Amino acid sequence: MNIDLQARELAGWLVDAALPLWWKKGFDSESGGFVETIDMKSEPTRANRRSRVQPRQVYCFAEAGRRGWGGDWRTVAEGGLAYFDRVYRQPSGFYGALADAGGQIIDPSFDLYNQAFALLAFAYLAEVLPERKAEMIGRSDDLRRKLEAHCKHPLAGFEEDNPPRLPLGSNPHMHLFEACLASEEVEGFDRVAWTNLADEIAHLAMERFIDAESGALREFFDHDWVPFPGEKGRIVEPGHQFEWAWLLLRWAERRGNAEAIGKARRLFEIGEAYGICPERGVAVMTLLDDFSVADPVARLWPQTEWLKAAIRFAALTDGEERQRYLASASRATAALQRFLETPVRGLWRDKQKADGSFIDEPAPASSFYHILCAIYETEDCLKRV
């Protein structure tokens, strides 16, 4: 199918079905927070709520509002942030990890991953809520400084916590990198600070996260940023090859950095060559560093990252190379659309087993951030193409 037609189908699904459904059923108007999951009958569940879901959903509705969605995005975006603050914010100024459906904190522990999404939400809210921009600037600066004081790594990047614990992870840095790229673009934010941190993470990724010989990006590291011992240090996730490729391309385009484009191209090649199941046409969950498949389950989110990277490469290339990336983007879209075939339009499946069947479970709200970003990225890059 033509990628332009696929993109229009996805955009229609988002505007007509997903945004209205997750606005109506995905926001708990009694508590003011976002639910963790919605079942396949389109009813919210009473599952415990991970803190990361709140700023991710805030991002979704803020960005939908910025792009002209006609629904009441403001109420849920602001309500979600207020709930995030009220339920998860700790005396330290950081956000805890998990609460029950009634809004009682269960796990107040620190996770860099969750703080990164708070920063992303602040950046997007600053763009759509002019009357709260000064507040978001202050909150963004404050949280960044707290992170640097709490867990800055002596070499580069960040520890997992203070006191340090192992393994160190590339994944929290990926989302912090994304927050940096968003923050440095917002007028009034501390551009120098965010640009410097983005550059630090980009170089950490290129020099430590990405293996110098194979070009693959690893997940787990020892304290000096060498691969963690044993099988854990060998893990390579196709979805993260694509997601880092997309982020490095965005950074490289702003900085004029050819090395990053080369690294991103290799990440994409690895994800596409070894991470796509030839029978099912979907990106699988996990490889090892010899590119053998360690986990053949396919989750929804790697399909969105495949799409984002492919369409961004298409926008930055031309001729036969562009056509190759457009064809890959079309395959990625087809993979994603399989996960969106649900009894109620606007929901999604999360996991496809090796036999091609989907696990029957509620749709996780956390996936919306991936899907919405992929749809908007596709629209933007196709305009450039």
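Throughout these legends, a residue is buried under 20% relative accessible area, exposed over 50% and partly exposed in between (1.4 Å probe, protein chains only). The model is predicted, so local features need pLDDT of at least 70 and side-chain atom pairs count only at pLDDT 80 or more, whereas totals for chains, interfaces and linings use all residues. Residues are numbered from 1 along each chain as its sequence is written, and side-chain values use heavy atoms, with hydrogens and water left out.

**Figure 1. Salt bridge between Glu-63 and Arg-67.** The closest N and O atoms of Glu-63 and Arg-67 are 2.8 Å apart; a salt bridge is a side-chain nitrogen of Lys or Arg within 4 Å of a carboxyl oxygen of Asp or Glu. Arg-67 is partly exposed, with a relative accessible area of 30%. Glu-63 is buried, at 3%. The whole structure contains 37 salt bridges.

**Figure 2. Salt-bridge network around Arg-254 and Glu-185.** The side chains of Arg-254 and Glu-185 meet in a salt bridge at 3.8 Å, N to O. This pair links distant parts of the chain, 69 residues apart: Arg-254 belongs to helix α8 (residues 238-255), and Glu-185 to the loop between α6 and α7 (191-209). Helices (H or I, at least four residues) and strands (E, at least two) are DSSP runs, numbered from the N terminus. Both residues count as partly exposed, Arg-254 at 32% relative accessibility and Glu-185 at 43%. Salt bridges with shared partners join Glu-184, Glu-185, Arg-191, Asp-199, Arg-254 and Arg-255 into one network.

**Figure 3. Aromatic pair of Phe-61 and Phe-368.** Rings of Phe, Tyr and Trp (its six-membered ring) pair if their centres lie within 6.5 Å; planes under 30 degrees apart count as stacked, over 60 as edge-to-face and the rest as tilted. The rings of Phe-61 and Phe-368 are edge-to-face, 6.3 Å centre to centre with 75° between the planes. Phe-61 lies in helix α2 (residues 53-66) and Phe-368 in helix α12 (residues 367-384), so the pair ties together parts that are 307 residues apart in sequence. Phe-61 and Phe-368 are both buried. Ring pairs also place them in a cluster with Trp-13, Trp-22, Phe-27, Phe-34, Trp-69 and Trp-348.

**Figure 4. Charged side chains over aromatic rings.** The charged end of Lys-308 sits over the ring of Trp-246, 3.8 Å from its centre. Lys-152 lies over the face of Phe-158, at 5.1 Å from the ring centre. A charge sits over a ring if NZ of Lys or CZ of Arg is within 6 Å of the ring centre and within 35 degrees of the ring normal.

**Figure 5. The largest nonpolar core.** A nonpolar core is a set of buried Ala, Val, Leu, Ile, Met, Phe, Trp, Tyr and Cys residues joined through side-chain atoms within 4.5 Å. Of the 127 residues in the largest core, Trp-22, Phe-61, Phe-177 and Phe-368 touch the most other members. Helix α4 (residues 112-128) supplies the largest share of this core, 14 residues. Beyond its neighbours within four places in sequence, Phe-177 is in contact (heavy atoms within 4.5 Å) with Ala-198, Ile-201, Ala-202, Trp-244, Leu-247, Leu-248 and Trp-251.
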